[in-house]
Amino acid sequence: MKKNIHLLAMKKSRGEKIVSLTAYDYMTARLEEEAGIDFILVGDSMAMVVFGEENTLGADIDVMIAHTRAVSRGAANTLVVGDMPFGSYEKSDTLAVKNAVRFISEGGAGAVKLEGGNNRSVSRVKAIIDSGIPVMGHVGLLPQSIKKTGGYKVVYSDRRDELFEEALALQQAGVFSIVFECIEEELARELTEKLEVPTIGIGAGRYTDGQILVVNDMLGLSGEFKPKFLKKYAQMDGIILEALKKFSQEVINEEFPAESHVYHSRKKK
Ligand code: KIV
């Protein structure tokens with residue numbers, strides 16, 4: 001049976017952890033589904049890890065939807081969440097609904113995520129849910145707001161009131177889950193206990209209802225990038241580099257292709 005938003009609520013009610021990763025392509029999505037990941041986020045982090053941009057602000061809606069479609073094909077039985085990029089929902093509720101609909105109808109996603117819990121974001125969330133599309137919220141560090149906030153900053157208890165107010169407003173608006181990004185553990189724990197909807201942490205400590213990481217980072221594909229919250233479960237950089245060098249050497253040394261790799265004439269001798 002296809003995993004959906006209700007699985008997350010059920011897991012929270014049972015005290016079972018929710019496991020999530022980002023994915024941006026068909027092959028990775030296939031493996032994540034095989035690994036039993038509960039939901040896959042096609043994050044706007046794609047702008048950085050796939051396209052090498054400095055931040056997520058350049059993520060393009062058409063590209064995001066094309067990649068969401070690839071991920072949905074690779075993980076047909078997993079909940080896929082499309083991340084609404086910067087510029088795709090800020091201007092009006094109408095624009096937000098139009099683009100959320102594209103993630104579902106063109107991208108094959110089962111839900112969308114958008115950043116922030118201020119009045120404007122809450123209005124967009126309500127409008128999208130009203131059109132029949134489940135929405136995941138996102139509070140704490142908001143990468144799409146770095147120009148306003150002045151950078152990537154962990155949220156500590158001096159911003160407690162604002163954080164609680166935004167998360168509760170999102171819950172009230174009807175989100176099915178909320179991402180907590182880079183929040184002090186004690187604060188994330190208290191807020192997770194207060195909220196009815198499941199919380200998914202990245203850099204938010206051990207007590208959120210679930211965890212998410214950027215797949216390229218946890219696979220060790222992002223070079224020296226190593227924020228405190230990240231654990232690398234593999235060192236794919238090294239493995240890939242070794243394979244590339246070996247291929248190069250074998251071509252230069254005329255070891256590849258070998259006899260077993262070539263097609264011969266079909267003419268009978
Ligand atoms: O874009 C992304 O990958 C995200 C995660 C950090 C939650 O929003």
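**Close-up views of a predicted model**

**View 1. R160 and E190 meet in a salt bridge.** At 29% relative accessibility, R160 counts as partly exposed, because buried requires under 20% and exposed over 50%. E190, at 35% relative accessibility, is also partly exposed. This is a predicted model. The N to O distance between the two side chains is 2.3 Å. R160 sits in helix α8 and E190 in helix α9 (residues 185-194), so the bridge ties together parts 30 residues apart in sequence.

**View 2. K11 and D38 pair through their side chains.** Their salt bridge spans 3.0 Å, N to O. K11 belongs to helix α1 (residues 5-14), while D38 lies in the loop between α2 (26-34) and β2 (39-42). The partners are 27 residues apart and link distant parts of the chain. Both D38 and K11 are buried.

**View 3. K113 bridges to D83.** The closest N and O atoms are 3.1 Å apart. K113 is in strand β4 (residues 111-113) and D83 in strand β3 (residues 79-83), so this pair ties together parts 30 residues apart in sequence. K113 and D83 are both buried. The structure holds 13 salt bridges.

**View 4. The largest nonpolar core has 67 residues.** F39, I128, I178, F180 and I183 have the most contacts inside this core. Helix α8 (residues 160-173) gives the most to the core, with 5 residues.

**View 5. I183 and its contacts.** Neighbours within four places in sequence are left aside.

Methods: Residues are numbered from 1 along each chain as its sequence is written. This is a predicted model: local features need pLDDT of at least 70, side-chain atom pairs count only at pLDDT 80 or more; totals for chains, interfaces and linings use all residues. Side-chain values use heavy atoms; hydrogens and water are left out. A nonpolar core is a set of buried Ala, Val, Leu, Ile, Met, Phe, Trp, Tyr and Cys residues joined through side-chain atoms within 4.5 Å. Buried means under 20% relative accessible area, exposed over 50%, partly exposed in between (1.4 Å probe, protein chains only). Helices (H or I, at least four residues) and strands (E, at least two) are DSSP runs, numbered from the N terminus. Contact means heavy atoms within 4.5 Å. A salt bridge is a side-chain nitrogen of Lys or Arg within 4 Å of a carboxyl oxygen of Asp or Glu.
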